[in-house]
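Have the sequence and the 3D view ready.

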Amino acid sequence: MLSNILAAMLPLILVFSLGYRAGWHKDFDGEQVSTLNRMVMLYAFPLNLFVGITRTPRAILAQQVPLAACVFLLMCGSFVVAYLMSRHVFRRDASGATLQGLAIGAPSVPFIGSAMLPPLIGHSSATVAISAAVFAMVLVQTPLCFMLLAKNASAGIAAPPGIRRQIISSLEEPIVWAPIAATMLVVMDMHLPGTLLDSLGLLGNAAAGVALFASGIVLFAQRVSITLPVVMTVAARNILVPAVSWGIMVLIGMSHETIRAAVLALSIPVGTVMVILAVRFRVDEREAASTLFLSAVLSVLTMTFFIACTE
């Protein structure tokens, strides 16, 4: 168990720390971080998903459908529930509730998951869980958040396109159509040459490391202020969501392997997309950055707890 925990957490801690050090040493600034993230989202990460899915046998991919459904539905459901609770129970304004819902419902599975999930649940399960998380985040959560934030933004922010247009635009992104194309190839039992996949994987394998490194720079650059809303959001993201999801999957009779994979994916800390939208719409920027920082730091403990409990 200890070796599994170290194998999962060491890349997270080490590469985060290197990124944090690079920010402290002023080796990279905010604009360069945006360039790194753009490279990851447009090239490295889509290739990583494409190669991972393409190399998954059709029979194994079919067995992973319950895992994909659980991750997708639980992420979307936790986002909606968190938004409604924040808006109508804790009486936050619409923009603040939107960002809090996104922080709770959108873990950084695409980036952190690429580094820590494969040694814990296997490459095929990790690829399926990450792809499902990408679909939930890109096709559902981000378009809805963009619509809600733009609707309540101050003057000067251009009106957003309709949600239908946003979803169509999302489908045009490589991070969405690459795993869809790979899944179709597997379903049709079409095999690409191993040499070609190895070549594509050369850049794809850099996705997790570069993304974690960039996240470390972001953590250094943002001002941190620990407040009650920040603590509540982090507690919900790091502990409550994976724990409740675990209970739900047990009740509906999911297998242990599916439960373990989904719980570990959903225990991953807050994603940087929440900070990006906060800065874009000038809403609760310090709270967003502080939530990202505290969630990442505490995830070393909370993720270790869920790894041990689901072993």
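Leaving aside its neighbours within four places in sequence, which residues is Ser245 in contact with? The partners are Leu74 and Leu266. Contact here means heavy atoms within 4.5 Å.

Some ground rules come next. This is a predicted model, where local features need pLDDT of at least 70, side-chain atom pairs count only at pLDDT 80 or more, and totals for chains, interfaces and linings use all residues. Residues are numbered from 1 along each chain as its sequence is written, and side-chain values use heavy atoms, with hydrogens and water left out.

Back to Ser245. Its place is in helix α13. Helices are DSSP runs (H or I, at least four residues), numbered from the N terminus. Ser245 counts as buried, because its relative accessibility is 4%. The cut-offs are these: buried is under 20% relative accessible area, exposed is over 50%, and partly exposed is in between, using a 1.4 Å probe and protein chains only. Now find Ala262, 17 residues away along the chain. The C-alpha atoms of Ser245 and Ala262 are separated by 8.2 Å.

Stay in α13, which covers residues 228-251. Asn238 sits in this helix too. Is Asn238 buried or exposed? Asn238 is buried, because its relative accessible area is 1%. Its side chain makes polar contacts (pairs of N or O atoms within 3.5 Å; within protein, one must be able to donate a hydrogen and the other to accept it, and residues adjacent in sequence count only if both atoms are side-chain atoms). One joins the side chains of Asn238 and Ser295 at 2.8 Å. Another, of 3.4 Å, links the side chain of Asn238 to that of Thr302. Beyond neighbours within four places in sequence, Asn238 also touches other residues, including Ser267, Pro269 and Phe306.

Next, look at helix α16, residues 285-309. This helix has 25 residues and reaches 34 Å from its first C-alpha to its last. That is close to the 36 Å expected at 1.5 Å a residue. The expected span is 1.5 Å times one less than the number of residues. Where does α16 bend by about 50 degrees? The bend is at Ser299. A bend is the angle between axes fitted to the seven residues ending at a residue and the seven starting there. Ser299 is also one of the residues in contact with Asn238. Further along, Ile307 lies in α16. Ile307 is buried, with a relative accessible area of 0%. Ile307 and Leu120 are 187 residues apart in sequence, yet 8.2 Å apart in space, C-alpha to C-alpha.

Compare the span of helix α12, residues 207-221. Its 15 residues should span 21 Å, and its end C-alpha atoms are 21 Å apart, so the two values agree. α12 is mostly covered, with 12 of its 15 residues buried. Among the buried ones are Phe213, Gly216 and Leu219.

One more stop is helix α8, residues 123-151, which holds Ser125. Ser125 counts as buried, because its relative accessibility is 11%. A polar contact of 3.0 Å joins the side chains of Ser125 and Gln64. Leaving aside neighbours within four places in sequence, Ser125 is in contact with Gln64 and Leu67.

Conventions. Helices (H or I, at least four residues) and strands (E, at least two) are DSSP runs, numbered from the N terminus.
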